[in-house]
Each structure stands twice: as C-alpha cells, then as structure tokens.
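Subject: Structure handover

Hello,

Here is the structure I promised to pass on. Please open it first, then read my notes below.

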Amino acid sequence: MTVRFRHADPVWAAFPELSAGVLYAAGVDAPADTRRRAAGYTDRAVARLARASEGEFPEVLAWRRTFSRTGVKPTQYRSASESLLRRLRKEGALPRIHPLVDLCNAVSVAYAVPVAVLDVDRITGPLLEVRPARGDETYTAFGGGVERPAPGEVTFVDSAGRAHARRWTHRQSGHSAVGAHTGRVLVVAEAMHDGGAEAVAEVLKTVEEEVAAHWAATTATAVLTPAAPEFVFGH
C-alpha cells in the first residue's frame, strides 16, 4: 500500500514560510556503524555552540515564534532540534538510539532544524498529514501512555487517527519510533527561518548520501511546497 504524506492546506496558509522535505528509504534494517560520520556532524554543531547558544540561532528562534503562534509556550516545549542542541551543549554528546536515528539527530544539530524519522510500517495509510488536531486523535508516548493532542495542535496524523507527533516538531510518537525491527523509514525535515529552503535541501541531500553510504537501501526524496504538497511512498 502506498501512503501520501502532505501538509494540510491550513498549515501552508498559516505558515507560508514553511520549508519541508521528505525522504523515504527501504532497506535500513541491516547493521551499520554510523558513529564516525555522525560525530562529524555533531562536531559542526559543537563549534557553532561555542560561538552562541542555541537560543540565539535564527533556525531555533523561528520555531519558537511558530510555537507561540500555535499557542504552545516555546520555553516549556522546544522543537526537537532545539532540545538536541541544548542537550549537546550541556552534556557534550547526543544519546545513542539507533544507527539511522543517531545519524539524523547529528544532521539535525548540524543544520539546527528538526528532522523526524518514522517507521513506515507503523503508519496506517493511505494518508499521513501534518494538520491541526481535531481532538479525537491518539498519541502513544515513549513510556507507553496514551495522550490526546488538544484541538488545534499541529501533529502528524495517519488514516487510523493516530498522532505521530506532539506539538508539531516537539516530540515524536513511541508508536512509530525506529528500532531494531525497522526496515523502512520516512524522514521529514522542516524549517521556518529565512534560508530554510536551502537548509532543508541540504539536509535531504546529506541524509540520502549517508543512507547510501551505510545501507543497500532504495531512497526517494522530495521538497514540498504549497503547489506540490504531496509525497507518495511505499508499496
């Protein structure tokens, strides 16, 4: 079954500054050691953090403004990239979760934009849409608890009404988290700052190159726009 990924029209209308890109990869279940390559991207972020804290980055500030406009307190809830940068600044390293996730987290801090990685086989098609919640969606936290995003909260919703994120780029769902069982993934990069389109294109290119370097995987990518908002993936 193929799945369509898109940002809903109200999201594009409310946030015309959004830059978004997606990558689909099949065949990422083989063992791989991404530590050295991930460290190179992390080092870039560390060097930037030595000059300014993440709270001064235009990429981070743009997501803080976005959160505020959606009714989310940016000092209480941070975008995933800001949280990773903050952790890197305080602890000097990022957590190790999965070879591909670790790589994407390192790319995320290098470019200071959120990069989501979802297990495709945990998504119910035919549609995965970034849209305001209606209030009847279910979200599975990493601890296993079930939450309901508030009406209006931007989230990734599949055809089963399952929310795969809370507060847009704040936190992914435990349900579609990548693990040892994962063979197919959808990677989503989103930026709100000036120059975001270039950053997203670079993130996609970088992740695609790294996937090719570590796995015998098939990949497809797309940059999404209001005129071309959909990406079809899977079989």
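Start just after helix H3, where Gly71 takes a positive phi of about 85 degrees. Helices here are DSSP runs of H or I with at least four residues, strands are E runs of at least two, and both are numbered from the N terminus.

Some ground rules. This is a predicted model, in which local features need pLDDT of at least 70, side-chain atom pairs count only at pLDDT 80 or more, and totals for chains, interfaces and linings use all residues. Residues are numbered from 1 along each chain as its sequence is written, and side-chain values use heavy atoms, with hydrogens and water left out.

Helix H3

The twelve residues of H3 should span 16 Å at 1.5 Å a residue, and the end C-alpha atoms are 17 Å apart, which agrees. The expected span is 1.5 Å times one less than the number of residues. Glu59, Val60, Ala62, Trp63, Thr66 and Phe67 are buried in H3. They cover an arc of only 160 degrees around the axis, so they sit on the same side of H3. That arc is taken from the directions from the helix axis to the C-beta atoms. Buried means under 20% relative accessible area, exposed means over 50%, and partly exposed lies in between (1.4 Å probe, protein chains only). The cover over these buried residues includes helix H2 (35-49), helix H4 (80-91), helix H5 (99-111) and strand S11 (184-191).

Arg65 is also in H3. Arg65 counts as exposed, at 52% relative accessibility.

Helix H5

H5 reaches 19 Å from its first C-alpha to its last, close to the expected 18 Å. Just after H5, Ala112 takes a positive phi of about 60 degrees.

Aromatic rings

The structure holds six aromatic pairs. Rings of Phe, Tyr and Trp (its six-membered ring) pair if their centres lie within 6.5 Å; planes under 30 degrees apart are stacked, over 60 edge-to-face, and the rest tilted. Phe5 and Phe156 have ring centres 5.9 Å apart and planes at 40 degrees, so this pair is tilted. Phe5 is in strand S1 (residues 3-7) and Phe156 in strand S7 (residues 154-157), so the pair ties together parts 151 residues apart in sequence. Phe5 is buried at 0% relative accessibility, and Phe156 is buried at 3%.

Trp63 and Trp168 have ring centres 5.2 Å apart and planes at 85 degrees, so that pair is edge-to-face. Both are buried. Phe15, Trp63, Phe67 and Trp168 form one aromatic cluster.

Glu210

Which helix holds Glu210? Glu210 is in helix H6 (residues 196-214). Glu210 counts as buried, at 2% relative accessibility. Its side chain makes a polar contact with the side chain of Tyr41 (2.6 Å). A polar contact is a pair of N or O atoms within 3.5 Å; within protein, one must be able to donate a hydrogen and the other to accept it, and residues adjacent in sequence count only if both atoms are side-chain atoms.

Best wishes

Definitions and conventions: Contact = heavy atoms within 4.5 Å.
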